[in-house]
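I opened my notebook today to look around a protein fold. Come along and keep the structure in view while you read.

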Amino acid sequence: MLLVGCFRTEEVPEPPDEPTAEADPSHFEELSGAEIPDSAESVEVFSVGDVDLLPTYAATFTLSSEEEAAAFCRSGDIGNYRVVSGGELLEEQRERHFIGERELVEPRRCSSAKQGENVDRSVVFSAPEGERVSVWAVTEEVGW
């Protein structure tokens, strides 16, 4: 006798390539624990969709200085403001932060898990001399 079985595989949802819906900055701040400074310009916050039914937000904005960028990292205990190792951001990090092909000048970053909660936060900065610092931030609840 020959038994033939059928296996059902569950599809794992892929994160979207682009943010899916505009969101209120307070949603990003509440989940991340970091405050977008009042001096930030060109602030955009998006819901990236719920991956595994858990919220994920992306924020982009500019700051006037590297000091403000470092203060943003401290505002939510996101981690130390540091130079990106090797000066180049990995492709997966570019995708995660929705940076695309934009040129990053002297890239910096900070990242950490939010203490006591299942929240992952990561921020990338581009700091061209004499210009505003560009910021790409992602915060997501994770199901560790």
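My entries below go from the whole chain to single residues.

**Entry 1: the overview.** I noted before anything else that this is a predicted model. I counted elements next, and the protein has three helices and seven strands. Reading from the N terminus, I wrote their order down as β-α-β-β-α-β-α-β-β-β. Of the 144 residues, 40% count as buried. I also looked up the surface: the protein exposes about 9,200 Å², and carbon and sulfur atoms supply 47% of that area. Then I checked contacts between residues at least 6 apart in sequence, and 55% of them join residues at least 24 apart.

**Entry 2: the sheet.** In what order do the strands of the sheet stand? I found an open sheet of seven strands, running E1-E2-E3-E7-E6-E5-E4, with antiparallel pairing. Strand E1 (21-22) and strand E4 (82-83) are at the edges, and each has a single partner strand, so one side of each lacks a neighbour in the sheet. A reminder to myself: strands of a sheet pair through backbone hydrogen bonds, either parallel or antiparallel. I zoomed in on one pair, E1 with strand E2 (residues 41-47), which is antiparallel over two bridges. Ala21 has Ser47 in E2 as its bridge partner. Helix H1 packs on the sheet, where it touches E2, E3, E6 and E7. The direction of H1 makes about 65° with that of E7.

**Entry 3: the cores.** I keep this rule in mind: in soluble globular proteins, nonpolar side chains tend to be buried together. How many residues does the largest nonpolar core have here? It has 23, and those with the most contacts inside it are Phe28, Ile36, Phe61, Phe72, Val123 and Phe125. Two or more residues each come from helix H1 (25-32), strand E3 (56-63), helix H2 (66-75), strand E6 (119-126) and strand E7 (133-141). The largest share, four residues, is from E3. Apart from this core I found another, of six residues, including Val84, Leu89, Ile99 and Val124.

**Entry 4: Phe28 and Thr139.** I set aside neighbours within four places in sequence and listed what Phe28 contacts: Ile36, Val45, Tyr57, Ala59, Phe72, Ala137, Val138 and Thr139. Thr139 is in strand E7. Is Thr139 buried or exposed? Its relative accessibility is 0%, so Thr139 counts as buried. With residues up to four places away left out, Thr139 touches Phe28, Leu31, Ser32, Pro55, Thr56, Tyr57, Val119, Asp120 and Arg121.

**Entry 5: two loop residues.** I finished with the loops. Phe98 lies in the loop between helix H3 (91-96) and strand E5 (108-113). Phe98 counts as buried because its relative accessibility is 17%, and the cut-off for buried is under 20%. Phe98 and Ala137 are 39 residues apart along the chain, and their C-alpha atoms are separated by 9.1 Å. Pro128 lies in the loop between E6 and E7. Pro128 is buried too, with a relative accessible area of 17%. Between the C-alpha atoms of Pro128 and Leu104, 24 residues apart along the chain, I noted a separation of 8.2 Å.

Technical notes
Residues numbered from 1 in each chain as written. Predicted model: local features only at pLDDT ≥ 70, side-chain atom pairs only at ≥ 80, totals over all residues. Heavy atoms only, no water. Core = buried A, V, L, I, M, F, W, Y, C linked by side-chain atoms within 4.5 Å. Buried < 20%, exposed > 50% of the residue type's maximum accessible area, 1.4 Å probe, protein only. Contact = heavy atoms within 4.5 Å. Pairing = 2+ DSSP bridges. Axes fitted to C-alpha atoms, helices over the stretch in contact; angles between N-to-C directions. Areas by Shrake-Rupley, 256 points an atom, 1.4 Å probe, with all protein chains shown as cover.
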